[in-house]
Amino acid sequence: MADKIEIRARTANEVPQIAGMFRPLIDGIGHAINIFSIDPEGWMPRDTGIKALAMCKAVLGAHMLNKIGRKVGKNMMLIASIQDLDAAIKNFDNMYHYNHRLNGRLMYDVEKGEVIDKIGHYTALKVSDTEITVDVSSPYQCEFDIGLIEEYFKKFVGERDVIVQHKAGSVCRAHGGDICNYTVSISNI
Ligand SMILES: [Zn+2]
């Protein structure tokens, strides 16, 4: 039997609200793949999410994908022990897995602190107080990831700004690489 990978559905219903003037198009896409009938407190097939993102990008462009990524980053369900930036960095990949299920089982085991290795990784490392690197090997697209990473870390830096960019000279999944390397820059104030 093929593996059943699912994602938390909490953001699906909120996407039309961020679509602005494109709302009729987003509504059309959502209805076409039946995304709005999914319980936002529940789970949805990952393939449906990936398909929705691909359609949004094709119809509305990369900017919309970035906006959706931001929303997902804001809404990401986190475990209670992540209270500061260091914990957020250390647990980024764990939280990515915590928001996915494999055959009905959470892909991050909170008690053991282990992930099921099947959906790629978001590996974050602290370089300095103002710089983090993140290596991503997920099936999601760069623009989506950039928005997601930005909002994920924003929750832990107070008023400081967060900017995420591909690391200069790095490979990228959109150009045949296996991973994308991102640099997360955090302003001083
Ligand atoms: Zn990339």
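A residue counts as buried here if 20 or more other C-beta atoms lie within 10 Å of its own, with C-beta atoms placed from the backbone. In this predicted model, that criterion separates the two faces of strand 8, which spans residues 131-136.

**Faces of strand 8**
- Ile 132, Val 134 and Val 136 point to one face of strand 8 and are buried.

**Pairing of strand 8**
- Strand 7 (residues 122-128) pairs with strand 8 in the antiparallel sense, over six bridges.
- A hairpin through two residues joins strand 7 to strand 8.
- Within strand 8, Asp 135 is the bridge partner of Thr 123.
- Strand 8 also pairs with strand 10 (residues 180-186), in the antiparallel sense and over six bridges.

**Packing of helix 3 and helix 6**
- The axes of helix 3 (residues 62-75) and helix 6 (residues 142-154) come within 6 Å and cross at roughly 35 degrees.
- The crossing of these two helices is right-handed.
- Helix 3 contributes residues including Leu 65, Ile 68 and Val 72 to the contact, and helix 6 contributes residues including Phe 144, Leu 148 and Tyr 152.
- By class, the residues of this contact comprise nine nonpolar, four polar and seven charged.

Conventions. Residues numbered from 1 in each chain as written. Predicted model: local features only at pLDDT ≥ 70, side-chain atom pairs only at ≥ 80, totals over all residues. Axes fitted to C-alpha atoms, helices over the stretch in contact; angles between N-to-C directions. Helix = DSSP H or I, 4+ residues; strand = E, 2+ residues; numbered from the N terminus. Left-handed = near helix turned anticlockwise from the far one by under 90°. Contact = placed C-beta atoms within 7 Å. Nonpolar A, V, L, I, M, F, W, Y, C, P; charged D, E, K, R; others polar. Buried ≥ 20, exposed ≤ 12 C-beta atoms within 10 Å, placed from the backbone. Pairing = 2+ DSSP bridges.
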